[in-house]
Amino acid sequence: MDQITNLLAITLGAVLANNFIFSQFLGICPFLGVSKKVDTAVGMGIAVTFVMGLASAITWLVNTFILVPLDLVYMQTVAFILVIASLVQFIEMFLQKSMPTLYTALGVYLPLITTNCAVLGVALLNIQNNYNFIESVVYGITGGLGFLLAIVLFASIRERLVFADYPKNWDGFPIALVTAGLMALAFMGFSGLKIW
Amino acid sequence: MNLKKQFKEGLLTQNPVLVQVLGMCSTMAITTSFFNGLGMGVAVLVILTLSNVIISAIRKIVPDKIRIAMFIVVIAGFVTCVDLLIQAFLPDLAKSLGVFIPLIVVNCIILGRAESFSYKNGVAASFFDGIFQGIGYTVVLLAMCIIRELLGAGTFGGGLLGPDLKGIQILPAQFPAKMLTLPVGGFLVLACLIAAMQWALSKSKK
């Protein structure tokens, strides 16, 4: 029972209260870059969730069974980024062979994910928070879902922004950042949320 | 090689944060106190310069297809060195920057400069490009820190000056809007800075 409440707390934290975008500032580049249309935002969000879940699992295994026994924890950053880069490459090849429809849907976004700081961030945070294997995977997947939620909401607002009337110098990134800032303010409301 | 042009590009017309809009995560996340911004800025400047030099030195022997992987390995190596040095000599800074020091690996500024500049230019030019782009990044970070700290907490120089290293109180404690030191403030202050930059650039074109 304890285990389940714990996992629920992690889920709630990762999706709402400690959302990767709005309170931890991880993954802002793709968040701003591919949020002009809702369809592409959904694609990117799903791809990120997928990779974050897998990366959490594999980096946790690499850290526990390779780096810690060999006393190589100081090589964490290098090891993790290599694992993530090859993982993304591998997923790309796998999808291309076995699930071509999903591959064409995600195609463009997959390579971009290597340099998404949310992915490396979740791997490092798992280790920092001393999560066990299941907690790490749950944190990775729910963190990705939080990203998905944030980017889809943001993209829908941005689509409406086209009709808004604002000073010309705020065109592009500034107005997007103001929107994101107001959304961050709204998400702060979740920070009082607790379950137990 | 045109140093003056490179300097102007790094600081103004091609500023990594305000014009190219790269490396946003760290820019917004850690600019809550002056010392954080300075530490992060200098760390990125050092890593950017070193990785620019190495990448430009090996650019002729690296096959085109695996260049991105090579860039990342070079950058990750330097980030690890800097991370360990900060942990050893500035433990307080390491604590407050937290996960964002190892995350310099995926800071788009460094990979972006590797791909668009040092992979195509000589060692000396890449060296100065790293320094000037790094200065441009640091200046923006410091501006963000000063604004957020002054308006959000009423202090200046947090982590570096004042009693208990909390900064010197400039505005009386009841005035500041604490919101600016929270994540919201990061988004809003950066939005204002980019908008001001776009205004200035469109003005100077006329």
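Me: Which helix of chain A gives the most to the nonpolar patch?
Reply: Helix 3 of chain A, with three residues. Helices are DSSP runs of H or I, at least four residues, numbered from the N terminus. This is a predicted model, where local features need pLDDT of at least 70, side-chain atom pairs count only at pLDDT 80 or more, and totals for chains, interfaces and linings use all residues. Residues are numbered from 1 along each chain as its sequence is written, chains are lettered from A and ligands numbered from 1 in the order in which they are written, and side-chain values use heavy atoms, leaving out hydrogens and water.

Me: Why is A:Ile66 called partly exposed?
Reply: Its relative accessibility is 44%. Buried means under 20% relative accessible area and exposed means over 50%, with partly exposed in between (1.4 Å probe, protein chains only). A:Ile66 therefore counts as partly exposed. A:Ile66 lies in helix 3 of chain A.

Me: Why is A:Gly27 called buried?
Reply: A:Gly27 has a relative accessible area of 0%, so it is buried. This residue lies in the loop between helix 1 (2-17) and helix 2 (28-33) of chain A.

Me: What does A:Gly27 touch, not counting residues up to four places away in sequence?
Reply: Its contacts (heavy atoms within 4.5 Å) include A:Phe147 and B:Cys25. A:Gly27 and A:Phe147 are 120 residues apart in sequence, yet 8.2 Å apart in space, C-alpha to C-alpha.

Me: Why does the radius of gyration of chain B agree with a compact globule?
Reply: The rule is 2.2 Å times the number of residues to the power 0.38, with the radius taken over C-alpha atoms. For 206 residues a compact globule would come near 17 Å; chain B has 18 Å, so the value agrees.

Methods
Helix = DSSP H or I, 4+ residues; strand = E, 2+ residues; numbered from the N terminus.
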